[in-house]
Amino acid sequence: MASSPVSLYVHMPWCSSKCDYCDFYSRPCSAVPDSYIQAVINQASYFARTAQISSWKTVYVGGGTPSLMTPGQMETLCQGIMNSTGSPFVPEEFTMEMNPQSLSPEKLHAAANGGIDRLSLGIQSLTEEALRAVNRHCTARTARNALDTVKSHWKGRLSLDAIAGLPEQDDGRFESSLKSIIEYSPDHISLYTLTVEEGTPLDRNIQSGKISLPEDLGDNQWILGRQILESGGYAQYEVSNFARPGEESLHNSAYWAQQDYAGCGSGATSSFYSRDDQGKIHGALRITGTTDTDVYTRFWLDGDNLNPSRLPDPKSIPGEKEELDAQTCEFEFLMTGLRTLDGISAGEYRKCYGHLKWNGDLEKRLGKADGIWHEYESLGRTRESIIESPRQLPQGTPADRRFSLNSQGILFLNDFLVNLL
């Protein structure tokens with residue numbers, strides 16, 4: 001079912017409360033059930049057996065709020081994941097998300113003892129008014145205290161999140177907040193633009209006039225944020241991600257490179273690609289686990305589903321299954337590849353999709369010969385100003401022709417993808 005390498009995503013959907021802008025699947029709770037953690041471990045073992053995985057390339061524990069786990073639960077989860085393949089291994093990267101309000105020295109020590117070597121901390125903003133406006137349930141003081149705790153007790157890699165365009169956060173406050181975040185010397189920063197999702201409390205507050213949000217606030221602040229980060233030594237390597245040299249997220253890069261990944265936990269997604277002996281991709285199986293945590297837990301604690309002699313078919317796992325055809329996989333290859341500043345390898349495209357309509361001709365597929373650039377040219381931008389050779393690739397990267405959107409063109413990524421589709 002799978003090909004090497006394989007990454008593992010673990011979803012902890014539990015949150016103490018939901019922020020007003022959040023549209024992600026989560027479940028309210030004050031304590032993570034032990035039964036859920038065991039169910040996740042069992043599912044990881046199942047995927048390792050059925051896909052013949054001897055080690056996980058990368059592991060990412062996200063949420064929700066994984067730091068709602070107790071220190072003991074963290075160590076149990078980590079140990080279970082490390083034992084899930086039946087042979088000793090050390091992932092190239094082992095990340096866990098934490099929130100400032102549930103972080104403690106004890107949890108940091110437990111994470112490190114469990115093998116976590118990369119911490120991802122959701123700060124979002126150090127502007128008190130902005131946090132209050134989106135019902136963040138975390139004060140600026142709490143966030144700063146958490147960062148101080150990390151500075152004193154965490155020796156591994158550190159990634160911090162920030163959001164541009166929050167209500168009650170003008171450009172001056174945003175700049176001050178982001179510069180304060182940089183002062184904590186994270187290795188990696190994810191800078192997102194606030195998206196107002198329909199039906200969220202934030203959307204309702206904007207519609208009712210309770211909150212005012214200028215239309216271009218987020219985009220303008222994000223561009224300002226990019227300038228600040230680049231001046232601070234952080235290079236943009238993906239639409240929303242910036243890193244110091246060598247500190248790019250290996251786990252996320254596996255998604256963008258269309259490598260197989262397994263998702264464990266309620267609501268987690270797995271993708272396994274169907275490749276022939278020449279490496280051509282003919283489709284994929286995508287499994288998204290049920291968001292009913294009770295159904296999820298019962299299934300993965302059921303001894304009949306854990307018997308090595310008669311493991312269930314992946315399509316019988318509670319949740320949604322989708323068979324993707326080669327054309328859908330091809331578009332996703334372009335979509336995820338163009339999110340990165342390294343862009344797309346013409347050779348890899350030819351290898352994976354040379355059997356489709358475009359015969360592996362990436363330049364033609366991207367439209368340099370087919371006139372999809374008219375929207376950009378009408379704005380006075382030539383096609384050369386939008387697409388160009390990527391930044392310097394890491395040493396050892398095979399020589400190959402690559403295509404990428406430059407720092408100007410990546411601002412128009414969605415429009416570009418619509419044209420490709």
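## Aromatic pairs

Rings of Phe, Tyr and Trp (its six-membered ring) are taken to pair if their centres lie within 6.5 Å, and a pair counts as stacked with planes under 30 degrees apart, as edge-to-face over 60 and as tilted for the rest. By this rule the predicted model has 13 aromatic pairs. The ring centres of F333 and Y349 are 6.0 Å apart with their planes at 40°, so this pair is tilted. Because F333 belongs to helix α11 (residues 326-337) and Y349 to helix α12 (residues 346-353), the pair ties together parts that are 16 residues apart in sequence; helices here are DSSP runs (H or I, at least four residues), as strands are (E, at least two), numbered from the N terminus. F333 and Y349 are both buried, a term that stands for under 20% relative accessible area, with exposed meaning over 50% and partly exposed in between (1.4 Å probe, protein chains only).

Elsewhere, ring pairs join Y46, F47, F272, F299 and W300 into a cluster.

## Packing of α6 and α8

Two packed helices are described by the angle between their axes and the distance between the axes. For helix α6 (residues 171-182) and helix α8 (residues 217-231), the angle is about 35° and the axes are 10 Å apart, where axes are lines fitted to C-alpha atoms over the stretch in contact and angles run from 0 to 180 degrees between N-to-C directions.

The contact (heavy atoms within 4.5 Å) is made on the α6 side by D171, F174, E175, L178, K179 and I182, and on the α8 side by L217, Q221, L224, G225, I228 and L229. By class, this contact of α6 with α8 has seven nonpolar, two polar and three charged residues, with Ala, Val, Leu, Ile, Met, Phe, Trp, Tyr, Cys and Pro counted as nonpolar, Asp, Glu, Lys and Arg as charged, and the others, Gly among them, as polar.

## Backbone features in loops

The peptide bond from G63 to G64 is cis, with omega near 15°, and G64 is placed in the loop between β4 (58-63) and α2 (71-83).

Although N135 is not a glycine, it has a positive phi of about 55°; N135 is in the loop between α4 (128-133) and α5 (140-153) and, at 31% relative accessibility, counts as partly exposed. Q258, also not a glycine, has a positive phi of about 60° and lies in the loop between α9 (250-256) and β11 (261-264), where at 2% relative accessibility Q258 counts as buried.

## Basis of the values

Residues are numbered from 1 along each chain as its sequence is written, and side-chain values use heavy atoms, with hydrogens and water left out. Since this is a predicted model, local features need pLDDT of at least 70 and side-chain atom pairs count only at pLDDT 80 or more, whereas totals for chains, interfaces and linings use all residues.
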